[in-house]
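Trainee: I have just opened this entry and would like to go through it with you. Could we begin with the surface and then work inwards?
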Amino acid sequence: MLTPIKDPKPTLHEMIQPLNIIGLSCGAIRARFSDHSSDDAKYIVEKMARIEEQVIRATELIMESKHNNDDDRAASCD
């Protein structure tokens, strides 16, 4: 059973921090393989770029969700 989240800020950080690490790691792997000319290297570079795009997308969705929650809280205080 899930317990209600009292303060979403630590949870927001806990969700974004792993995404940052994933994005940075993908960038490092992509940079390392970008100098190689093999088909495998090209494949890895393309997949790392795709993962980075999805990390950015997930981070934007999380931040948008936080923004919407902040707006809802402000509206409920009015």
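This is a predicted model: local features need pLDDT of at least 70, side-chain atom pairs count only at pLDDT 80 or more; totals for chains, interfaces and linings use all residues.

Trainee: How many helices and strands does the chain have?
Mentor: There are two helices and zero strands. Helix α1 covers residues 8-33, and helix α2 covers residues 39-77.

Trainee: Which residues make up the largest nonpolar core?
Mentor: That core has five residues, namely Leu12, Ile16, Leu19, Val55 and Ile62. Helices α1 and α2 each supply at least two of its residues.

Trainee: Which helix gives the most to it?
Mentor: Helix α1 does, with three residues.

Trainee: Let us stay with Ile16. What is it in contact with, leaving aside neighbours within four places in sequence?
Mentor: Ile16 is in contact with Thr59, Ile62 and Met63. One of these, Ile62, is also listed in the core.

Trainee: Thr59 is in that list. Is Thr59 buried or exposed?
Mentor: Thr59 has a relative accessible area of 19%. The cut-off for buried is under 20%, so Thr59 counts as buried.

Trainee: Where is Thr59 found, and what does it touch?
Mentor: Thr59 is found in helix α2. Not counting residues up to four places away in sequence, Thr59 touches Ile16 and Leu19. Both Ile16 and Leu19 are residues of the nonpolar core.

Trainee: Changing topic to charged pairs: how many salt bridges does a search of the whole structure find?
Mentor: The search finds two salt bridges. In one of them, Glu52 pairs with Arg30, and the closest N and O atoms are 2.6 Å apart.

Trainee: What else is Glu52 in contact with, besides Arg30?
Mentor: Leaving aside neighbours within four places in sequence, Glu52 is also in contact with Gly23, Cys26 and Gly27. With Arg30, the side chain of Glu52 makes a polar contact, side chain to side chain, at 2.6 Å.

Trainee: Then what about Arg50 and Glu53?
Mentor: Their side chains meet in a salt bridge, with an N to O distance of 3.3 Å. Arg50 and Glu53 are three residues apart in helix α2, so about one helical turn separates them.

Trainee: How accessible are Arg50 and Glu53?
Mentor: Arg50 is partly exposed, with a relative accessible area of 47%. Glu53 also counts as partly exposed, at 44% relative accessibility.

Trainee: One last point, on contacts over the chain. Of those between residues at least 6 apart in sequence, what share joins residues at least 24 apart?
Mentor: The share is 61%. A pair to look up in the structure is Ile16 and Thr59, which are in contact.

Conventions: Residues are numbered from 1 along each chain as its sequence is written. Side-chain values use heavy atoms; hydrogens and water are left out. Helices (H or I, at least four residues) and strands (E, at least two) are DSSP runs, numbered from the N terminus. Buried means under 20% relative accessible area, exposed over 50%, partly exposed in between (1.4 Å probe, protein chains only). Contact means heavy atoms within 4.5 Å. A polar contact is a pair of N or O atoms within 3.5 Å; within protein, one must be able to donate a hydrogen and the other to accept it, and residues adjacent in sequence count only if both atoms are side-chain atoms. A salt bridge is a side-chain nitrogen of Lys or Arg within 4 Å of a carboxyl oxygen of Asp or Glu. A nonpolar core is a set of buried Ala, Val, Leu, Ile, Met, Phe, Trp, Tyr and Cys residues joined through side-chain atoms within 4.5 Å.
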